[in-house]
Amino acid sequence: MKNTLVTTADRELAFQAARRRLAQAQHTHRQTRPHRSINHVTPSWGLGAQMLALPLLLFSALYLGQDLLYAFWRADLLAWAGWLQLPLRAATALEPSEALGLVWQPGPQDGGLSSAQGSALGGALVLLALVGSHFLRGPRLPLQYLVRIVCAVQLMALLYFWWAPQPYPHSLLNHVSDMLNAGYALLLAMPILLGLGYYALHLSVWRKLLHSLLMLAFVVLMVPQQALVHLLLLHHGSPVFMPVLYICFGALFDMMVFVALYAWAASTAPSTATL
């Protein structure tokens with residue numbers, strides 16, 4: 001009983017000492033500014049004008065330059081297709097094209113895996129990924145959830161191809177066209193998203209414009225390369241991988257890239273940007 005009373009008294013003394021230290025720390029640091037991520041930006045007419053003018057300028061340039069942008073993407077795909085010996089070429093004026101003025105014309109030796117082979121490979125990869133995800137512990141635990149989400153999407157695709165083994169209704173060029181359209185939609189949304197966040201910081205107009213152009217240029221160059229990687233995987237693999245490529249490594253992946261680019265630009269801002 002005596003030991004219990006001593007232990008309880010010691011615990012109370014420790015709590016009192018901790019409370020005194022906490023009160024002293026709060027008193028010492030009461031004048032410290034909050035972190036800039038939770039600080040309130042002081043509005044001004046000039047800042048409001050930037051938040052309206054810069055998105056409008058960049059959005060208008062992207063909207064009016066749509067034909068030039070798609071022509072660049074088309075030329076990029078054709079150039080890489082020639083180097084990688086893919087059966088992709090430009091459509092002539094006398095033949096119909098599936099999308100983007102392109103024709104996918106595989107020869108007898110250009111076939112990938114059969115539906116059964118693709119399903120077997122997909123099942124093996126899902127099983128391997130699920131087993132490997134069990135070893136993602138500690139700081140790698142968030143990666144475990146991402147791997148299992150990808151496995152779930154691929155498993156649903158395998159079930160679809162098992163239930164409906166007829167040829168997949170979505171062609172490779174339609175998939176590429178959807179990828180480019182999703183990338184263009186992100187490009188149009190980026191100025192608006194930047195206007196709601198990054199342009200609200202107290203930074204020079206030229207700095208905001210430079211970072212915006214760098215981010216837009218990155219996405220412009222990334223989108224056709226991303227579509228090309230999908231085209232290679234589907235051409236040499238199987239359409240059974242098309243759903244997981246579109247859902248997990250399509251528009252969702254593009255948005256994650258934008259978040260990373262936004263974080264990079266915001267991290268370069270000084271601590272006074274939110275004052």
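## Close-up views of a predicted model

**Figure 1. Aromatic pairs in the predicted model.** The structure holds 7 aromatic pairs. In one of them, tryptophan 80 with tryptophan 83, the ring centres are 5.3 Å apart and the planes stand at 80°, so the pair is edge-to-face. Planes over 60 degrees apart count as edge-to-face. Both residues belong to helix α3 (residues 66-84), where a spacing of 3 residues separates tryptophan 80 from tryptophan 83 by about one helical turn. Tryptophan 80 has a relative accessibility of 32% and therefore counts as partly exposed. Tryptophan 83, at 63% relative accessibility, counts as exposed. The model shown here and in the other views is predicted.

**Figure 2. The pair of tyrosine 198 and tyrosine 199, and the ring cluster.** Tyrosine 198 and tyrosine 199 form a tilted aromatic pair, with 6.2 Å from centre to centre and 50° between the planes. Tyrosine 198 and tyrosine 199 are both buried. Ring pairs join Tyr198 and Tyr199 with Phe258 and Tyr262 in a cluster. Phe258 and Tyr262 lie in α9, where they are among the residues that meet α6.

**Figure 3. Packing of helix α6 against helix α9.** Helix α6 (residues 172-196) and helix α9 (residues 251-267) pack with their axes 10 Å apart, at an angle of about 30°. That angle makes α6 roughly parallel to α9, because angles under 35 degrees count as roughly parallel. The crossing of the helices α6 and α9 is right-handed. On the α6 side, the contact is made by Ala182, Gly183, Leu186, Met190, Leu193 and Leu194. These residues meet Ala251, Asp254, Met255, Phe258 and Tyr262 of α9. By class, the residues of the contact of α6 with α9 divide into 9 nonpolar, 1 polar and 1 charged.

Figure 4. With a relative accessible area of 16%, leucine 188 is buried, since buried means under 20% relative accessible area. Not counting residues up to four places away in sequence, leucine 188 touches Phe59, Leu62 and Tyr63. The C-alpha atom of leucine 188 is separated by 8.8 Å from that of serine 60, a residue 128 residues apart from leucine 188 along the chain.

Figure 5. Leaving aside neighbours within four places in sequence, serine 133 is in contact with Gln144, Val147 and Arg148.

**Figure 6. The chain from which the views are taken.** The chain has 9 helices and 2 strands. Read from the N terminus, its elements run α-α-α-β-β-α-α-α-α-α-α. Of its 275 residues, 34% count as buried. Among contacts in the chain with a separation of 6 or more, 78% are accounted for by residues 24 or more positions apart.

Technical notes: Residues are numbered from 1 along each chain as its sequence is written. This is a predicted model: local features need pLDDT of at least 70, side-chain atom pairs count only at pLDDT 80 or more; totals for chains, interfaces and linings use all residues. Side-chain values use heavy atoms; hydrogens and water are left out. Axes are lines fitted to C-alpha atoms, for helices over the stretch in contact, and angles run from 0 to 180 degrees between N-to-C directions. Helices (H or I, at least four residues) and strands (E, at least two) are DSSP runs, numbered from the N terminus. Angles under 35 degrees count as roughly parallel, over 145 as roughly antiparallel, 65 to 115 as roughly perpendicular and the rest as oblique. A crossing is left-handed if the near helix is turned anticlockwise from the far one by less than a right angle, and right-handed if clockwise. Contact means heavy atoms within 4.5 Å. Ala, Val, Leu, Ile, Met, Phe, Trp, Tyr, Cys and Pro count as nonpolar, Asp, Glu, Lys and Arg as charged, and the others, Gly among them, as polar. Rings of Phe, Tyr and Trp (its six-membered ring) pair if their centres lie within 6.5 Å; planes under 30 degrees apart count as stacked, over 60 as edge-to-face and the rest as tilted. Buried means under 20% relative accessible area, exposed over 50%, partly exposed in between (1.4 Å probe, protein chains only).
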